[in-house]
Amino acid sequence: MAKELKLMKGNEAIAEAAIRSGCDGYFGYPITPQSEVMEHLMLEKPWEKTGMVVLQAESEIASINMVYGGAGTGKKVMTSSSSPGISLMQEGLTYLAGAELPCLVVNVVRGGPGLGTIQPSQADYFQATKGGGHGDYQMYVLAPASVQEMYDFVFDAWDIAFKYRTPVMILSDGAIGQVMEKLYVGDYVPRWTDEQIAEKAPWAAFGKPAYRDHNIITSLELDSAKQEAHNHHLQAKYRQMEREDVRFEALDTEDADYLLVAYGSSARIAQKAMQLGKEKGYKIGLLRPITLFPFPTKQIAELASKVKGILSVEMSAGQMVMDVKLAAENKCKVEHFGRYGGIIPTPHEVLEALENQIIKG
Amino acid sequence: MFNPDIIKPENLVYKRTNVLTDAVMHYCPGCGHGTIHRIIAEVIEEMGIQDKAICIAPVGCSVLAYNYFNVDSLGAAHGRAPAIASAIQRLHPNHHTFTYQGDGDLAAIGTGETIHACNRGENIVIIFVNNGIYGMTGGQMAPTTLLGMKTATTPYGRCVELNGYPLQITELLADLPGTYYVTRQSVQTPAAVRKAKKAIRQAFENQKNHKGTSFVEILSNCNSGWKKTPVEANKWMEENMMAKYVPGDIKVDGVKVR
C-alpha cells in the first residue's frame with residue numbers, strides 16, 4: 001500500500017481515516033476538544049471524493065440516532081464527541097448494542113464531571129467499559145496513544161464492528177486529539193457497494209428485495225425468555241472478544257520488578273517515567289492495554305505473579321485500576337496514581353508515585 | 001349456496017395488500033392504527049416501492065409497526081425516528097424512508113428531532129398519528145391532550161396552570177422552510193380514509209421527486225384511553241379534537257394554504 005507522510009492533529013487523523021477507510025457517513029455535533037473531526041471532514045468534502053455523507057446534527061442525541069439509522073442499513077457510519085456529548089449518546093449506544101449494529105464512536109475525553117473542563121482526561125473509562133447506558137452490554141473499546149493510532153484504529157474499528165455486529169469506541173483524550181504528529185496515511189479503501197452490503201450485512205434493513213423476508217432492526221423483545229436468550233447471545237459475543245481480540249503492548253516486562261499499567265496519553269508518560277526509573281537502577285516494565293474492553297486480564301495476571309508491585313497510571317481518580325486489581329488477584333500490591341480534572345501528570349510525578357507507593361511502600 | 005365460480009380475477013374488487021404481513025395486529029378494536037397501516041401499505045404497493053421503503057417505527061402504541069409492514073424496518077428510541085430517517089435517506093437518496101410516530105413520540109420527547117429534520121428539509125415522509133393521549137403506557141396526558149380532557153395524569157382534566165397548552169406542532173412545522181407538504185387528515189369515515197390515503201400518496205410522490213419533508217398528521221381515536229366505545233370515540237373526536245386540530249391541507253407544494 002502506498003504510504004504518504006502527513007502532519008496532523010489526532011482529531012484530523014480520525015477524519016482522514018474515515019474518508020480513506022470507506023466510511024459511508026459521519027454524523028456529529030461540535031464540542032471541544034474534538035471539533036476538528038467534523039471541521040476537517042467539511043473542508044475535505046468527502047461526498048465529492050468517495051460519496052461519504054457528512055451531516056452536522058442538532059445534538060449528540062440526534063447524531064447517535066443517525067448512526068443507528070445508517071448502521072441499521074448496513075452502512076459504515078460513525079460519530080465523534082467528547083465526554084458531555086458522549087453522555088448524551090448513552091441512550092443510542094445501548095440501543096445500538098441491543099440491536100447489534102456495527103458502528104464507530106470516538107470519544108476525545110475531557111475532564112468531568114458535568115461540563116467539567118476542556119482539558120485532557122481519562123475519567124470516562126467506567127462509562128466506556130462498564131456500559132454507560134442501561135442493560136447488560138459491552139462495547140469494544142480501543143485506546144490510541146498516538147496520532148498514527150487514531151488513524152489506524154478507525155480501519156480496525158470497521159473490521160471489529162462488522163465481525164461482532166457491535167458498536168466500537170475509540171477512547172482517546174484531549175491530548176491525543178489536539179497534538180500534531182507525523183502519520184502515514186494509506187490508499188483510499190472504496191466504500192462497500194450495495195451488493196457487498198447485501199453479502200456482508202444480510203441482516204441489514206436496506207430495502208426488502210423480493211428474495212427475502214423483511215429485515216427488522218430493533219432492541220425490543222417483549223417475551224422475557226427470548227430476551228434472556230438474546231442476552232446470552234450478546235454475552236457469548238463478549239466472551240469471544242475476550243478470547244480472540246484482546247490487544248496490548250508490553251515493554252520490558254520480561255524481567256521487570258515493577259510494572260506500570262497505563263493506556264493512551266498516560267502510557268506515553270509512563271514510558272518516559274520508566275526510562276527515568278531505569279536511570280536510577282529500577283527494573284520497570286510497562287503494560288499498555290490497547291483494548292480496554294476486552295481487557296488484557298490474562299497478561300496482567302501472569303505479570304502479577306512475577307513482579308513486586310503494579311502501579312496503574314490514569315488521568316482519573318482511579319477507574320482502570322479496578323480492572324488491574326481484579327486481574328492481579330492480590331498476587332502483588334496494586335496501587336493507583338492519577339491526576340485529573342484536566343491535569344496531565346509529569347513523568348517525574350509518575351516515577352515518584354512508583355517509588356513512594358510501590359518500591360518503598 | 002357458495003358458488004365457486006365467483007373466485008375469478010375479474011370479480012376481485014378488494015384484496016389485502018402484500019405490503020402488510022400476516023401478523024395479527026395488537027391494536028385495540030376500533031383504533032385507527034390498523035386503517036392507517038393499511039392505507040400506507042396500499043400506497044407503497046401501488047407505487048411499486050416495497051423494495052425501497054424503509055419504515056422507522058416509534059415507541060408507543062405502534063412500537064411493533066415493523067411486524068406489520070412488510071418492508072425493511074427499524075425500531076427507534078422514543079422520539080428519535082426523524083433523526084434516524086434523516087441519515088437513512090441521505091445514505092439512500094432514492095429510497096423511501098418514512099417514520100410512523102404518535103403524538104407523545106413526535107411532539108414531546110422527539111420535538112427537537114422533528115423540528116430539525118423538517119427544518120433541514122430532509123427528503124422523508126413523516127406520518128404523525130395524533131390521538132391526544134399516551135395510549136401504550138395507559139392513557140397519560142400527551143402534548144396534544146385538549147384542555148379539560150381527563151387522562152391518567154390529568155385526572156381532573158388538563159388545565160393550563162398545571163399542564164400548559166395543547167401543542168399544535170403541525171401548524172408550527174408548516175412555518176419551517178424545509179417542509180414541502182403539511183396536511184392533517186383523519187380515518188373515522190370511509191370518505192376520510194380515502195382522503196388520508198390520497199395525502200399519503202402525495203407525500204410519497206413528493207419524496208420520489210426529492211421535494212423535501214412531507215408531513216401527514218392523521219387524527220385517530222383512542223377509544224381505550226378515552227374510555228369510550230369506538231363509535232362514541234369517533235364522534236367525540238369530530239366534535240372536540242377537530243375543533244382544535246382542524247383537518248385539511250396546511251402547506252402544499254411548499255406554500256402555506258392556511
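Predicted model: local features only at pLDDT ≥ 70, side-chain atom pairs only at ≥ 80, totals over all residues.
Along the principal axes, the C-alpha trace of chain B spans about 65 × 50 × 35 Å. How does the radius of gyration of chain B sit with that of a compact globule? A compact globule of 258 residues would have a value near 18 Å, and chain B has 18 Å, so the two agree. Of those 258 residues, 57% count as buried.

Two packed helices are described by the angle between their axes and the distance between the axes. For helix H3 (residues 81-91) and helix H5 (residues 111-119) of chain B, the axes come within 7 Å and cross at roughly 35°. On the H3(B) side, the contact is made by Pro82(B), Ala83(B) and Ser86(B), while H5(B) brings in Glu113(B), Thr114(B) and Ala117(B). Sorted by class, that makes 3 nonpolar, 2 polar and 1 charged residues.

Next come the cysteines. A disulfide is a covalent bond between the sulfur atoms of two cysteines. How many disulfides turn up in the whole structure? The search over all chains finds 0. Cys31(B), for one, is in no disulfide, and its nearest cysteine sulfur, that of Cys28(B), is 6.3 Å away. A pair has to lie within 2.5 Å to count. Cys61(B) is in no disulfide either, with the nearest cysteine sulfur, that of Cys222(B), 5.9 Å away.

Most residues other than glycine have a negative phi, and most peptide bonds are trans. The bond from Thr32(A) to Pro33(A), though, is cis, with omega near 5°. Pro33(A) lies in the loop between strand E2 (25-28) and helix H2 (36-44) of chain A. Another cis bond runs from Phe293(A) to Pro294(A), with omega near 0°, and Pro294(A) is found in the loop between strand E13 (291-293) and helix H13 (297-304) of chain A.

Glu100(A) has a positive phi, near 60°, and lies in the loop between helix H6 (90-98) and strand E5 (103-109) of chain A. Is Glu100(A) buried or exposed? Its relative accessibility is 10%, so Glu100(A) counts as buried. Arg165(A) also has a positive phi, near 50°, and its loop runs between helix H8 (147-164) and strand E7 (167-173) of chain A. At 22% relative accessibility, Arg165(A) counts as partly exposed.

Last up is Pro120(A), in the loop between E5 and helix H7 (125-129) of chain A. Pro120(A) is buried, with a relative accessible area of 9%. Leaving out residues up to four places away in sequence, Pro120(A) touches several others, including Val109(A), Asp173(A), Met315(A) and Ile343(A). The C-alpha atoms of Pro120(A) and Ala18(A), 102 residues apart along the chain, are separated by 23 Å.

Methods: Residues numbered from 1 in each chain as written. Chains lettered and ligands numbered in written order. Heavy atoms only, no water. Axes fitted to C-alpha atoms, helices over the stretch in contact; angles between N-to-C directions. Helix = DSSP H or I, 4+ residues; strand = E, 2+ residues; numbered from the N terminus. Contact = heavy atoms within 4.5 Å. Nonpolar A, V, L, I, M, F, W, Y, C, P; charged D, E, K, R; others polar. Rg over C-alpha atoms; globule rule 2.2 N^0.38 Å. Buried < 20%, exposed > 50% of the residue type's maximum accessible area, 1.4 Å probe, protein only.
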